[in-house]
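Subject: Structure for your files

Hello,

Here is the structure you asked about, with the sequence alongside. My notes follow below.

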Amino acid sequence: MTPIDRPFPAWRARRMRRDDFSRRLMRENVLTANDLIYPVFVLDGQNREQAVESMPGVKRQSLDLLLRTAEEAVSLGVPALALFPVIEDGKSLDGAEAYNPDGLVPRVVRALKREFPQLGIITDGALDPYTTHGQDGVIDENGYVINDVTTEVLVRQALCHAAAGVDVVAPSDMMDGRIGAMRQALEAEGHIHVRIMSYAAKYASCFYGPFRDAVGSSANLGRADKKTYQMDPANSDEALQEVAADLAEGADMVMVKPGMPYLDVIRRVKDQFSVPTFAYQVSGEYAMLQAAILNGWLDRDKSIMESLLAFKRAGADGILTYYALDAARLIKAGNH
């Protein structure tokens, strides 16, 4: 952008800030319900609801209750839900339950698409909810996640979800080459309309802790970490390489995760590639804000909306956030 010579008092910046109407006229970014994706945790059973202690206000729900949540999302104009399963039975070393056609996720997908065909449904592509060790893939005798073997399982998982009618598969595993393998398999099976939202730049972050509590993988993971496949938080150039690779392999959308600590990465990705770019306001970010809100240290509505607007300003086209319904209500009421 070419700088303009606008010396004071020819240009008074506060002139345009003086009134509400002129502030609105020059507003560069606007948050709408169309920008929001609501991550939800689903349980097996009937009429079950469990609070996630480390995420005040977030609950695990059985399908019958989740249908009510989905109905509210539709009524508020939220375009999509992202499903995360709580697997209580069937965990194994190889995570085979991930591609069980009668498993929890395929059943939930079928029900949601039957009841709300207009609602986008996104499923997670990773094995950590299904493994006894809490890693996102199949491990060797030393606990190292085996890339290509894991990719084979992830492809079976993606095909299982596609057969159930999912709209978007979202691989969050960070295995090399998994996007290309999934895209080829989906095409070969005729699932040409299933979109891939790649967790392209997913960092080995401490901000995932409450999420792991929510899906029940925290205890399984124990003291282990995921640094051999998730990205080093110190790196930014590497994120562009990961995004470029996933796009070349067939990703329709890319995601940066976590969100607010990585706004610079979101901006770089959007500027470099100009593709649909998403961000995840992860569980730790939510938990921090909620703690401050519940203690009266931050204004609830203002802090929610400002935090989400930051993603839009950084270049995100959409945001996965546990505040999706709250934000949509505020937008609908005009209180933002």
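Over the ring of which residue does the charged end of Lys 202 sit? That ring belongs to Tyr 208, and the charged end of Lys 202 is 5.6 Å from its centre. Lys 257 also lies over the face of Tyr 208, with 4.9 Å to the ring centre. Please keep in mind that this is a predicted model. The rest is grouped by region.

Strand E1

- E3 (residues 59–62) runs parallel to E1 and is joined to it by 3 bridges; the partner of Val 42 in E3 is Gln 61.
- E10 (residues 318–321) is parallel to E1 as well, over 2 bridges, with Leu 320 opposite Ile 37.

Tyr 286 has 3% relative accessibility and counts as buried. Tyr 322 is buried too, at 4%.

Tyr 286 forms another aromatic pair, with Tyr 323: the centres are 4.7 Å apart, the planes are at 45 degrees, and the pair is tilted. This pair again links distant parts of the chain, since Tyr 323 is in the loop between E10 and H13, 37 residues from Tyr 286. Both Tyr 286 and Tyr 323 are buried. One aromatic cluster takes in Phe 41, Phe 84, Tyr 280, Tyr 286, Tyr 322 and Tyr 323.

As for H11 itself, it has 12 residues and reaches 16 Å from its first C-alpha to its last, close to the 16 Å expected. Of those 12 residues, 9 are buried, so the helix is largely enclosed by the rest of the structure. Among the buried ones are Ser 283, Glu 285, Tyr 286 and Gln 290. The buried residues of H11 pack against helix H7 (209–215), strand E9 (277–281) and helix H12 (300–314). Just after H11, Gly 296 has a positive phi of about 80 degrees.

The buried residues of H6 (residues 178–188) include Arg 178, Met 182, Arg 183 and Leu 186. Their cover includes helix H5 (147–164), strand E6 (168–171), strand E7 (195–202) and helix H9 (237–249). Gly 190 follows H6 and has a positive phi, near 85 degrees.

Ser 172 is in the loop between E6 and H6. Is Ser 172 buried or exposed? Its relative accessibility is 3%, under the 20% limit, so Ser 172 counts as buried. Its side chain makes a polar contact of 2.6 Å with the side chain of Asp 124. Beyond its neighbours within four places in sequence, Ser 172 is in contact with Asp 124, Gly 125, Ala 126, Asp 136, Tyr 199 and Lys 202.

Backbone exceptions

Most residues other than glycine have a negative phi, and most peptide bonds are trans. These entries depart from that pattern:
- Met 174, in the loop between E6 and H6, has a positive phi near 70 degrees and is buried at 4% relative accessibility.
- Asn 47, in the loop between E1 and strand E2 (49–51), has a positive phi of about 50 degrees; at 58% relative accessibility, Asn 47 is exposed.
- The bond from Phe 8 to Pro 9 is cis, with omega near 10 degrees; Pro 9 is in the segment before helix H1 (13–17).
- The bond from Lys 257 to Pro 258 is cis, with omega near -5 degrees; Pro 258 is in the loop between strand E8 (253–257) and helix H10 (263–273).

Regards

Key. Residues numbered from 1 in each chain as written. Heavy atoms only, no water. Pairing = 2+ DSSP bridges. Helix = DSSP H or I, 4+ residues; strand = E, 2+ residues; numbered from the N terminus. Buried < 20%, exposed > 50% of the residue type's maximum accessible area, 1.4 Å probe, protein only. Phe/Tyr/Trp six-rings, centres within 6.5 Å; stacked < 30°, edge-to-face > 60°. Lys NZ or Arg CZ within 6 Å of the ring centre and 35° of its normal. Contact = heavy atoms within 4.5 Å. Polar contact = N/O pair within 3.5 Å; in protein donor to acceptor, adjacent residues only side chain to side chain. Expected span 1.5 Å × (residues − 1).
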